[in-house]
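Visitor: I would like to learn how to read a few features of a structure, beginning with the packing of helices. Could you show me the case here?

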Amino acid sequence: MTDQTIIIVEDEDKIAQILVDYLEKDGFKTRVLNDGSDAVAVIKAGNPAFVILDLMLPGKDGLSICREVRQFSSVPILMLTARVDEIDRLLGLEMGADDYVCKPFLPREVVARVRTILRRVNQPPVSGTRDIVEYRGISLFPDRFLCQVGDEELDLTPVEFRMLQTLLSHPGRVYSRESLMRSSYHDDRVVSDRTIDSHIKNLRKKLSRAMGDEEVIHSTYGVGYKIE
Ligand code: CA
């Protein structure tokens, strides 16, 4: 089990300190890394509840850190980026971050996002969705937050997991981006269609890699996505 420690990887001392102040005031424990080079190892060893990750870092950039962490963990990751247009670029990459915040940010907004993501991740599944789902070799174990293709365990982010769970609840049925958003984010947050597309793209890639290039998630132009 994880404790409530948040690892902050941020090389600008001032920004790191503001985050520490606000998060600790809100009851979290924090640990700051000013350099990217040890971040992956520290996250692996520390098993934190949450990671706040700056994009531009000495030693190793946030992008690589995020990718490497996703090899072994689905810990929520909030990325900090310096420019709003960078977010577009990041969304196009297979990164697996749960959310993005642009600098300069309001510290209390970051705390609110952390809380929202943690609530979403820790929320027990609604009744009726706890059952194991099996479809075309894909198995979902909602109670254990586990997805397998055959014997292979897929490392899905919380959002990807919920999207797959929704699609698998009615194979063949087309889900709009809006309904995928509603079922995947357990708050009233509105994210862009592009964000949904980006999560679907990552999910597809992980599935097809495990399924020998077979595509099971299909898009219906102008409508949304289905699994079949
Ligand atoms: Ca930086």
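Guide: Two packed helices are described by the angle between their axes and the distance between the axes. In this predicted model, helix H6 (residues 158-169) and helix H8 (residues 193-210) pack at an angle of about 80°, with their axes 10 Å apart. H6 is therefore roughly perpendicular to H8, a label for angles of 65 to 115 degrees. Residues are numbered from 1 along each chain as its sequence is written. Because the model is predicted, local features need pLDDT of at least 70 and side-chain atom pairs pLDDT 80 or more, while totals for chains, interfaces and linings use all residues, and side-chain values use heavy atoms, with hydrogens and water left out.

Visitor: Which residues in H6 and H8 meet?

Guide: Contact means heavy atoms within 4.5 Å. On the H6 side they are Val 159, Glu 160, Met 163, Leu 164 and Leu 167, and these meet Ile 196, His 199, Ile 200, Asn 202, Leu 203, Lys 206 and Leu 207 in H8. By class, this contact of H6 with H8 has eight nonpolar, two polar and two charged residues.

Visitor: What are the protein donors of the calcium ion?

Guide: Donors are N, O and S atoms within 2.8 Å of the metal (3.2 Å for Na, K and Ca), and sites may look incomplete because water is not among the atoms. Here they are Asp 11 (OD), Asp 54 (OD) and Met 56 (O), lying 2.1 to 2.3 Å from the calcium ion.

Definitions and conventions: Axes are lines fitted to C-alpha atoms, for helices over the stretch in contact, and angles run from 0 to 180 degrees between N-to-C directions. Helices (H or I, at least four residues) and strands (E, at least two) are DSSP runs, numbered from the N terminus. Angles under 35 degrees count as roughly parallel, over 145 as roughly antiparallel, 65 to 115 as roughly perpendicular and the rest as oblique. Ala, Val, Leu, Ile, Met, Phe, Trp, Tyr, Cys and Pro count as nonpolar, Asp, Glu, Lys and Arg as charged, and the others, Gly among them, as polar.
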